[in-house]
Amino acid sequence: DQHLGNATVLPCRFHMDTYKVVGCTFIEYCHAPLDLEDGYIITEYHLERELFYVEVECAPGYWSEEPKATVCTCHDQAYKVSGCVLDTALCMTPQDHTGYELIDERSLRRSDMDVEVNCAPGWYGKAKAIPCANDN
């Protein structure tokens with residue numbers, strides 16, 4: 001249903017005047033892009049323009065610092081997704097990894113980096129490998 005509210009009839013003000021109908025609001029919706037490019041994982045929560053909420057992630061093998069969905073500008077238009085690009089970037093092993101033990105580098109591709117790392121003996125904390133930045 002694309003209408004919201006409580007319809008109410010207001011009587012005419014004088015003889016042969018028209019009555020008025022008030023109280024309803026038309027709800028504007030966006031729809032998914034028909035020609036969605038590869039590289040996106042989309043979760044739609046609210047497609048109403050005023051409550052628009054669509055989550056966008058990059059698919060494996062794609063990269064973005066900020067994938068996003070943009071609400072449509074008019075009713076019954078497609079929302080837009082942007083940000084994800086095919087990831088060809090590889091991260092390099094840091095030359096100085098003092099305090100860390102590199103256990104296994106299964107993937108150095110930025111979008112699906114999989115590096116197992118621990119703190120070296122005598123060091124403490126929660127070791128984590130962080131992918132290289134977009135401009136590396």
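## The model and its confidence

This is a predicted model, in which local features need pLDDT of at least 70, side-chain atom pairs count only at pLDDT 80 or more, and totals for chains, interfaces and linings use all residues. Residues are numbered from 1 along each chain as its sequence is written, and side-chain values use heavy atoms, with hydrogens and water left out.

The predictor's confidence in each residue is given as pLDDT, from 0 to 100. For the protein the mean is 89, and 95% of its residues reach 70 or more. Strand E1 (residues 3-10) has the lowest confidence, with a mean of 77, while strand E7 (residues 68-70) has the highest, at 97. Strands (E, at least two residues) are DSSP runs, numbered from the N terminus. As a reading tip, where pLDDT is low, the predicted coordinates should not be read in detail.

## A stacked tyrosine pair

Rings of Phe, Tyr and Trp (its six-membered ring) pair if their centres lie within 6.5 Å; planes under 30 degrees apart count as stacked, over 60 as edge-to-face and the rest as tilted. Tyr45 and Tyr53 make a stacked pair because their ring centres are 4.8 Å apart and their planes stand at 20°.

For accessibility, buried means under 20% relative accessible area, exposed over 50%, and partly exposed in between (1.4 Å probe, protein chains only). Tyr45 is partly exposed at 44%, and Tyr53 is partly exposed at 39%.

## Salt bridges

A salt bridge here is a side-chain nitrogen of Lys or Arg within 4 Å of a carboxyl oxygen of Asp or Glu. By this rule there are six salt bridges. One of them joins Arg49 to Glu28, with the closest N and O atoms 2.5 Å apart. Arg49 sits in the loop between strands E4 (40-46) and E5 (53-58), and Glu28 in the loop between strands E2 (20-26) and E3 (30-31), so this pair ties together parts 21 residues apart in sequence. Arg49 is partly exposed at 27%, as is Glu28 at 32%.

Arg106 is partly exposed at 45%, and Asp114 is partly exposed at 31%.

Glu116 meets Arg106 in a salt bridge too (3.4 Å, N to O). Since Glu116 lies in strand E12 (residues 114-119) and Arg106 in strand E11 (residues 100-107), the pair ties together parts ten residues apart in sequence. Glu116 is partly exposed, at 34%. Through shared partners, salt bridges join Asp104, Arg106, Asp114 and Glu116 into one network.

Notes:
Helices (H or I, at least four residues) and strands (E, at least two) are DSSP runs, numbered from the N terminus.
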